[in-house]
Amino acid sequence: MRNSNQYLKESNLFRQAKTSRVKYNIPLMIIAYFLLWLVGLGLGRLLASAVLNIFGSIGDISETAAVTLKRFVVCLTQIAFFFSWVKFVEKRPVRSLGFQARSPLKSYTFGFLAGLSAITAIILILLLTGAIKLNYYPIEYGYMVLNFGTAALSWMVQSASEEIAIRGWLIPSLEKKSSPIMAITITSVIFGILHLFSSGVTILSFTNLILSGIFFAGYAILNGNIWGVCGLHFAWNFALANIYGLPFSGFAVNGARIFKAQQAGPRLLTGGDFGPEGGLVTTIILLAGIAVLVLKWKKSGMEV
């Protein structure tokens with residue numbers, strides 16, 4: 001059997017990145033990542049403010065619409081930065097960021113169902129243990145369709161921005177100078193660091209963010225592209241924030257929602273202000289997900 005690094009190196013996700021003409025060392029890669037992410041974030045916020053001011057001058061804009069529009073503009077700007085960097089600096093096609101796949105829609109759909117299943121499992125456990133209560137949040141049908149459609153679109157862009165930056169660009173770049181396991185480890189810690197300034201952060205929430213980074217990375221590498229993990233990430237965020245109405249990574253205001261959740265159990269389970277991602281139930285689900293990926297790798301002949 002092959003060892004884990006040898007097996008993971010064969011993933012098409014890593015092959016796609018080898019066409020880059022820019023040679024980095026590991027510290028430079030990490031610096032480049034943060035510069036691209038932060039500059040895109042700053043410019044995106046400026047653009048979002050300008051767009052919101054334009055809409056505000058025309059008429060009142062709801063809090064839901066403002067949150068959704070800001071998320072969409074900011075994350076789309078970040079995607080544009082990474083696409084431009086890859087295209088004009090690294091001199092390689094944008095599709096090499098993990099977009100090469102035989103059935104992109106199928107991969108995305110399977111990923112979406114996996115993410116929805118994972119979040120729903122967490123919610124069901126919290127409901128069964130009495131840690132949360134869900135109440136239907138009444139809203140006019142036409143208004144709901146419009147708001148959920150725009151919220152879903154913004155989450156699709158948001159999840160894609162993180163997957164393109166971390167799983168599509170940074171992990172394959174790091175792998176060339178280290179190993180797949182090292183690349184997964186570094187990026188998972190970075191994924192946790194990116195959320196350190198959110199409301200309600202705890203040691204457990206930080207741990208869960210690292211575990212989610214490992215899970216998302218493993219899913220992308222196993223599938224050889226980022227289509228599936230984009231769908232998984234999108235479903236995770238959208239279901240948590242807009243279907244079940246719980247705080248998402250410390251953010252309580254996330255637009256329209258179907259249910260309004262009330263935390264009734266210990267913070268260890270519910271995650272408190274950070275939301276379920278900061279609770280022990282999520283830890284268990286993520287560990288289970290990672291275990292499933294490892295079993296799939298072992299089935300393919302990998303030594304763990």
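How many residues apart in helix H6 are Arg-167 and Glu-163? They are four residues apart in H6 (residues 141-177), a separation of about one helical turn. The structure is a predicted model, in which local features need pLDDT of at least 70 and side-chain atom pairs count only at pLDDT 80 or more, while totals for chains, interfaces and linings use all residues. Residues are numbered from 1 along each chain as its sequence is written, and side-chain values use heavy atoms, with hydrogens and water left out. Helices (H or I, at least four residues) are DSSP runs numbered from the N terminus.

**Salt bridges**

- The count of salt bridges (a side-chain nitrogen of Lys or Arg within 4 Å of a carboxyl oxygen of Asp or Glu) comes to two.
- Side chains of opposite charge can pair when their charged atoms come close.
- Glu-90 is buried at a relative accessible area of 0%, and Arg-92 is buried at 3%.

**Helix H5**

- Buried residues of H5 include Ser-107, Gly-111, Gly-115, Ile-119 and Ile-122.
- After H5 comes Gly-130, which has a positive phi near 75 degrees.

**Packing of H8 and H9**

- Helices H8 (residues 203-223) and H9 (residues 227-243) pack at about 145 degrees, with axes 8 Å apart (axes are lines fitted to C-alpha atoms over the stretch in contact, and angles run from 0 to 180 degrees between N-to-C directions).
- Phe-215, Phe-216, Tyr-219 and Ala-220 of H8 make the contact with Gly-228, Val-229, Leu-232 and His-233 of H9 (contact means heavy atoms within 4.5 Å).
- These contact residues comprise six nonpolar, two polar and no charged (Ala, Val, Leu, Ile, Met, Phe, Trp, Tyr, Cys and Pro count as nonpolar, Asp, Glu, Lys and Arg as charged, and the others, Gly among them, as polar).

**Leu-240**

- Leu-240 lies in helix H9 and is buried, with a relative accessible area of 1%.
- Leaving aside neighbours within four places in sequence, Leu-240 contacts residues including Ile-119, Leu-246, Phe-248 and Pro-276.

Notes:
Buried < 20%, exposed > 50% of the residue type's maximum accessible area, 1.4 Å probe, protein only. Helix = DSSP H or I, 4+ residues; strand = E, 2+ residues; numbered from the N terminus.
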